Amino acid sequence: ADEIKRRLTGQQGNGVAAPGFGDSWSLLIANNDTSTMIVGVRVLVGATSTSHVPRVVRVFGRDVVTGKGMERWFDIPFAPDEAASIVSRSTNEMTMEVCR
């Protein structure tokens with residue numbers, strides 16, 4: 001967890017995390033600023049290696065198929081009820097699952 005935190009808060013402003021283990025992994029996204037709302041995520045796949053591009057990014061149970069072997073950004077907007085559900089949770093967090 002500390003290694004991923006270090007990578008995501010790097011000085012270059014680009015959050016890069018590329019775990020090389022398992023068939024899937026989850027990323028917990030938290031918002032500690034109650035004056036802002038997370039309305040979507042932008043995910044870059046294939047930047048580290050196009051041979052490790054996940055086949056699916058799952059957010060709120062919706063599957064976004066990424067396509068094998070391509071480096072690409074994916075913008076995943078949240079539906080209004082999905083964004084509101086993050087704010088209504090006591091922890092202001094959501095989980096994104098990446099499946100190989």
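Residues are classed here by relative accessible area, with buried meaning under 20%, exposed over 50% and partly exposed in between, for a 1.4 Å probe and protein chains only. The model is a predicted one, in which local features need pLDDT of at least 70 and side-chain atom pairs count only at pLDDT 80 or more, whereas totals for chains, interfaces and linings use all residues. Residues are numbered from 1 along each chain as its sequence is written, and side-chain values use heavy atoms, with hydrogens and water left out.

With helices (H or I, at least four residues) and strands (E, at least two) taken as DSSP runs numbered from the N terminus, the secondary structure of the protein chain comes to two helices and six strands. Along the sequence these elements follow the pattern α-β-β-β-β-β-α-β. Of the 100 residues of the protein chain, 27% count as buried.

A nonpolar core is defined as a set of buried Ala, Val, Leu, Ile, Met, Phe, Trp, Tyr and Cys residues joined through side-chain atoms within 4.5 Å. The largest such core has 14 residues, and those with the most contacts inside it are V41, V43, V59, I76, F78 and M96. Strands β2, β3 (56-59) and β5 and helix α2 each supply at least two residues of this core, and β2 gives the most to it, with three residues. I76, which is found in strand β5, counts as buried at 3% relative accessibility. The C-alpha atom of I76 is separated by 6.2 Å from that of R42, although the two residues are 34 residues apart along the chain.

Strands are taken to pair if DSSP finds at least two bridges between them, and on this basis β3 and β4 pair in the antiparallel sense over four bridges. The two strands form a hairpin with two residues between them. F60, in the loop between β3 and β4, has a positive phi of about 55 degrees although it is not a glycine. Within the pairing, R58 stands opposite D63 in β4.

The ring of F60 also takes part in an aromatic contact. Rings of Phe, Tyr and Trp (for Trp, its six-membered ring) are said to pair if their centres lie within 6.5 Å, with planes under 30 degrees apart counted as stacked, over 60 as edge-to-face and the rest as tilted. The structure holds one aromatic pair, in which the rings of F60 and F78 have their centres 5.1 Å apart and their planes at 85 degrees, so that the pair is edge-to-face. This pair links distant parts of the chain, with F60 in the loop between β3 and β4 and F78 in the loop between β5 and α2, 18 residues apart. F60 counts as partly exposed at 26% relative accessibility, whereas F78 counts as buried at 9%.

Salt bridges were assigned wherever a side-chain nitrogen of Lys or Arg lies within 4 Å of a carboxyl oxygen of Asp or Glu, and by this rule the count comes to three. In one of them R42 is joined to D75, the closest N and O atoms being 2.6 Å apart; R42 lies in strand β2 and D75 in strand β5 (residues 72-77), so the pair ties together parts that are 33 residues apart in sequence. R42 counts as exposed, at 54% relative accessibility. Another salt bridge joins D63 to R58, with the closest N and O atoms 2.6 Å apart; D63 is partly exposed, with a relative accessible area of 44%, and R58 is partly exposed as well, at 26%. A salt bridge is also formed by E82 with R62, where the closest N and O atoms are 2.9 Å apart. Here E82 lies in helix α2 (residues 80-88) and R62 in strand β4 (residues 62-65), so the pair ties together parts that are 20 residues apart in sequence. E82 counts as buried at 11% relative accessibility, whereas R62 is partly exposed, with a relative accessible area of 32%.

With accessible areas taken from the Shrake-Rupley method with a 1.4 Å probe, and only the protein chains shown counting as cover for residues, M37, V39 and V87 make a nonpolar surface patch of about 270 Å². M37 lies in the loop between β1 (24-30) and β2 (40-45) and is partly exposed, with a relative accessible area of 45%.

Notes:
Patches are made of residues with over 30% relative accessible area and no salt bridge: like charges are joined within 9 Å, nonpolar side chains (Val, Leu, Ile, Met, Phe, Trp, Tyr) within 5 Å.
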